[in-house]
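Here is a short report on one structure, for a reader meeting it for the first time. Look at the sequence and the model before reading on.

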Amino acid sequence: MTRLGDLERAVMDVLWDRGTGAGATVREVAEALRDRELAYTTVMTVLDRLAGKGMVEREREGRAWRYRPAASREAHIARLMLDALDLAGSRDAALVRFARSVTGTEAEVLRAALAGEPDDTAAATDRSAATERQG
């Protein structure tokens, strides 16, 4: 998976913050990034490149395009993490180092995921916090 540049990441953050279903037009993304003072054409070019990379999907909406993330932010980050593991000489060694570096709450979330519990990070975090208070 291709890493995102600073501007690509900012554009994706706008789309991710809107949710995968909502999407946004070039104008809406440019407005959300107005503090960066970007030209409309710059935002249009970034979105076009992200579409070419498969990061966003687009569909016609009148004369404009509406762009939506092709995957959630969490799915993107998970893919980056897997790609990083592939760079390690030993994926197992990298996983062990990672596992030893996480907090108690994060370890509880990982345990719940490995046990096949539903993808409810908030519930796992709440259980972990309760466990830490007891211990």
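Is Glu61 buried, partly exposed or exposed? Glu61 is partly exposed, because its relative accessibility is 38%. Buried means under 20% relative accessible area, exposed means over 50%, and partly exposed lies in between (1.4 Å probe, protein chains only).

This is a predicted model: local features need pLDDT of at least 70, side-chain atom pairs count only at pLDDT 80 or more, and totals for chains, interfaces and linings use all residues. Residues are numbered from 1 along each chain as its sequence is written, and side-chain values use heavy atoms, with hydrogens and water left out.

**Salt bridges**

Side chains of opposite charge can pair when their charged atoms come close. A salt bridge here is a side-chain nitrogen of Lys or Arg within 4 Å of a carboxyl oxygen of Asp or Glu. The whole structure holds 14 salt bridges.

| Pair | Distance (N to O) |
|---|---|
| Asp48 and Arg58 | 3.0 Å |
| Arg68 and Glu59 | 3.5 Å |
| Glu61 and Arg66 | 2.7 Å |

Take Asp48 and Arg58, which meet in a salt bridge. This pair links distant parts of the chain: Asp48 sits in helix 3 and Arg58 in strand 1 (residues 56-61), ten residues apart. Helices (H or I, at least four residues) and strands (E, at least two) are DSSP runs, numbered from the N terminus. Asp48 is partly exposed, at 40% relative accessibility. Arg58 is partly exposed too, at 37%.

The next pair joins Arg68 to Glu59. Arg68 counts as buried, at 19% relative accessibility. Glu59 is partly exposed, with a relative accessible area of 43%.

Glu61 pairs with Arg66. Arg66 is buried, with a relative accessible area of 11%. Elsewhere, salt bridges that share partners join Arg9, Asp13, Asp17 and Arg73 into one network.

**The nonpolar core**

A nonpolar core is a set of buried Ala, Val, Leu, Ile, Met, Phe, Trp, Tyr and Cys residues joined through side-chain atoms within 4.5 Å. The largest one has 19 residues. Val11, Met12, Leu15, Val29, Leu47 and Leu50 have the most contacts inside it. Helix 1 (6-18), helix 2 (26-32) and helix 3 (40-52) are the elements that give two or more residues to this core. Helix 1 gives the most, with six residues.

What does Leu50 touch, leaving aside its neighbours within four places in sequence? Leu50 is in contact (heavy atoms within 4.5 Å) with Leu4, Glu8, Val11, Met12, Met55 and Val56.
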